[in-house]
Amino acid sequence: MAEEIELKLRMPPSQLQKLRRHPLIRALAQGKASNDHLVSTYFDTPDFRLRERRIALRIREKGDRRIQTLKVPPGGLCAASGGTANGAAGQDGAQHHLEFETDVTGDKPDLDAISDEGIRSVLTEKGVGDQLEPAFTTKIDRRTLPLLMADSRIELALDEGSIVANGKSLPIAEAELELLSGQPERLYEIALLLNETLPLIIERETKAARGYKLYQGQVPEPVTAIKPKFHKEMSVAEGFSAAARACLAHMRANEAAVLHGEDPEGVHQLRVAVRRFRALVSMFKGYLEGEAADYLAEELRWLQRSLGDARDLDVFLEETLAPLQRRMPNDEGLRGLAATATALRHDAYAHAGEVLHDPRYTRFLLRVHLWLANGAWFSESGPEGRGPAKLSLILHASHLLRRRARKLKKLGRRHATMSEMEMHEVRIAAKKLRYGVDFFRDIFDLGAVKAYLSHLKDLQELLGTLNDAVIGERLLAMIDARLGRAKQRASSRTAAGIVLGWQAGRIEQSLKHFALAWEDYETAKAFWKSPAKRKA
């Protein structure tokens, strides 16, 4: 048994060939390259019992040899028993497995050859072994080269070929950096250097995971927020790292849905993940090294803006134009607005996909993964004079929530005399407090947190109407510019007036209800004065 840590980098086949001759690879190369043609058949039961347990079982043909390989999550049998997805990358970007490899004589799995008794028992329970059948096959031409970087031995594999299942084929072209010994951060350092001149995309999924999706004809689905695993004994450094991993995992889990481009929720969830990451950086900024904090803020702002139009147009079409069209189904101007907004959304979705293939996005992911591995983004001391590794997370959370709640109350108590623009400051303060509550909820009494959140959510929903109106005006200007001298421009401008009037009515209603919602919020009890009664 061996632990496998590898970083997969997807790229066009032409660039894969350039990687072979890259100056960095030549400088790090130790020894001669080898070439193999690998045909691997993956096995599972008809009801995918192995996949459910995040287990991959294959027979690989390598010349005259037949090599049986079993891969399970790093936690072994316990981790395998509760999984839902086979072979996605870990929250540090690399793929981690425990690997059991042995030679076999035939083309079918030999479960008795598995050395780990616990793993073997999982595969033999309830006749699993008798039901194993081929699911899909990978056919790969692989060039392997040993590398040495500082204190770490790494194997570079250049893979080109395909996955075949049910008469369908998925092309494969990727470089795989596998850590043989040393430090995992060396994988990201090499990838960052290569990313300067080659178009790299970090591949989240193993070939097994992609094979299952091809076999089952799965369509990428959006994934909701992944909560960090906090507990009250955590330090600030541990808490930030856990939350950053969760934000990054949430982002990456929605990439495929965005690229597929058919479910608006994919863009929404990716944008939510970016906003949560931005909020996280804001909450811990005092404990981050200055350059790292500035870099994170800048790149996350770029990502949010790049995804903004796609999501804003979704909301505008579904929550503004659709209700108006139901009331005025024959209005030509509204139809024109909807058609143009739909075309703009199509362009915005295409742009979102381009962003995910931008080297800048890959660089951002790699830098964050590197910082997660080496902790270099933390400052030596924080606002309280103690370093993030020594300061209690629950103490930091309590101070942060107290400050943010105090600011919200200071602003909100003047709501009766505020203009609409000033109310946006209240909305931002409420949003920042809400992010803090969401992140830290598990280290406080959960019942008290839920009670507090119910009041805060009511405020946010009412204040959200103001933001929708501001965004609506910007989108109407975009639509008008897109129409140019088109014949429908005059009718669309009339319809735009209808939209603005309808939004003004919604704002008026929301502002009327805000006073009552604020009175309710003022009664909410601060929960951050007491820690959680149980660990998360």
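The legends below describe a predicted model of one protein chain.

Residues are numbered from 1 along each chain as its sequence is written, and side-chain values use heavy atoms, with hydrogens and water left out. Because the model is predicted, local features need pLDDT of at least 70 and side-chain atom pairs count only at pLDDT 80 or more, whereas totals for chains, interfaces and linings use all residues.

**View 1. Overall dimensions of the protein chain.** The C-alpha trace spans about 80 × 65 × 55 Å along its principal axes.

**View 2. Secondary structure of the protein chain.** The chain comprises 18 helices and nine strands. Helices (H or I, at least four residues) and strands (E, at least two) are DSSP runs, numbered from the N terminus.

**View 3. Burial in the protein chain.** Of the 536 residues, 50% count as buried, that is, under 20% relative accessible area with a 1.4 Å probe, protein chains only.

View 4. Within α1 (residues 13-20), the residues Q15, L16 and L19 are buried. They lie on the same side of α1, because they cover an arc of only 110° around the axis; the arc is that of the directions from the helix axis to the C-beta atoms. Packing against the buried residues of α1 are α2 (23-28), β7 (152-165), β8 (168-181) and α7 (185-195), where contact means heavy atoms within 4.5 Å.
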